[in-house]
Amino acid sequence: MLQRIQTVYLIIAVIATGVLPFAFPLWVTKNGENYYFIRDLAFVLLFAFSTTLSIVSIMTYKKRKNQFVMGRLNIILNVILLGLFIFRLFNLSGETDPDRVVSEKGIGVILPIVSIVFLSLANKAIKKDEDLVKSVDRLR
């Protein structure tokens with residue numbers, strides 16, 4: 001259902017985890033080449049699972065409780081992804097191999113934060129819909 005605001009938020013989360021990582025590098029190495037998420041299997045799997053979970057959440061619009069749980073799981077997944085980024089950035093800064101040294105951070109590192117924000121907004125809207133349905137059921 002595209003007329004619900006949480007669907008718009010989930011679509012933005014899909015774009016943040018499924019489209020934008022191809023456009024924005026995670027960091028730039030000392031050699032000046034951009035390091036994209038596609039070079040690391042863990043990043044690929046986490047981004048793919050997050051995108052898939054958001055799409056499945058959009059498709060299950062009739063089951064609000066399941067949608068809410070999937071949103072929370074997706075938030076946890078993006079927190080893990082963000083933690084992995086931070087861990088890699090702190091560890092790669094002290095490397096001796098010039099191909100692995102991070103000279104500047106890219107905008108791709110903040111994509112999980114964008115996704116977390118929009119997933120939180122979607123969960124808030126889902127909760128609001130669920131409360132509205134419960135209040136209407138109470139009146140019957």
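Seven aromatic pairs occur in this predicted model. One of them joins Trp27 and Phe43 in an edge-to-face arrangement, with 6.3 Å from centre to centre and 85 degrees between the planes. Trp27 belongs to strand E1 (residues 27–29) and Phe43 to helix H3 (residues 41–59), so this contact ties together parts that are 16 residues apart in sequence. Trp27 and Phe43 are both buried.

Phe43 also pairs with Phe85, again edge-to-face, at 4.7 Å centre to centre and with 70 degrees between the planes. Here the link runs from helix H3, which holds Phe43, to helix H4, which holds Phe85, so the parts tied together are 42 residues apart in sequence. Phe85 is buried, as is Phe43. These residues belong to one aromatic cluster, formed by Phe22, Trp27, Tyr35, Phe37, Phe43, Phe47 and Phe85.

The next topic is charge. Side chains of opposite charge can pair when their charged atoms come close. The structure contains five salt bridges, among them the one between Glu130 and Arg64, whose closest N and O atoms are 2.8 Å apart. Arg64, at 21% relative accessibility, counts as partly exposed.

Asp131 and Lys127 are four residues apart in the helix, so about one helical turn separates them. Asp131 is partly exposed, with a relative accessible area of 37%, and Lys127 is likewise partly exposed, at 42% relative accessibility.

Arg39 and Glu33 form a further salt bridge, in which the closest N and O atoms are 2.9 Å apart. Arg39 is partly exposed at 44% relative accessibility, and Glu33 is partly exposed at 36%.

The surface also carries a nonpolar patch of about 470 Å², made by Phe24, Ile107, Ile110, Ile113, Val117 and Leu121. Of these residues, Leu121 is found in helix H5 (residues 111–139). Leu121 has a relative accessible area of 33% and is partly exposed.

How values were computed: Residues are numbered from 1 along each chain as its sequence is written. This is a predicted model: local features need pLDDT of at least 70, side-chain atom pairs count only at pLDDT 80 or more; totals for chains, interfaces and linings use all residues. Side-chain values use heavy atoms; hydrogens and water are left out. Patches are made of residues with over 30% relative accessible area and no salt bridge: like charges are joined within 9 Å, nonpolar side chains (Val, Leu, Ile, Met, Phe, Trp, Tyr) within 5 Å. Accessible areas come from the Shrake-Rupley method with a 1.4 Å probe; for residues, only the protein chains shown count as cover. A salt bridge is a side-chain nitrogen of Lys or Arg within 4 Å of a carboxyl oxygen of Asp or Glu. Helices (H or I, at least four residues) and strands (E, at least two) are DSSP runs, numbered from the N terminus. Buried means under 20% relative accessible area, exposed over 50%, partly exposed in between (1.4 Å probe, protein chains only). Rings of Phe, Tyr and Trp (its six-membered ring) pair if their centres lie within 6.5 Å; planes under 30 degrees apart count as stacked, over 60 as edge-to-face and the rest as tilted.
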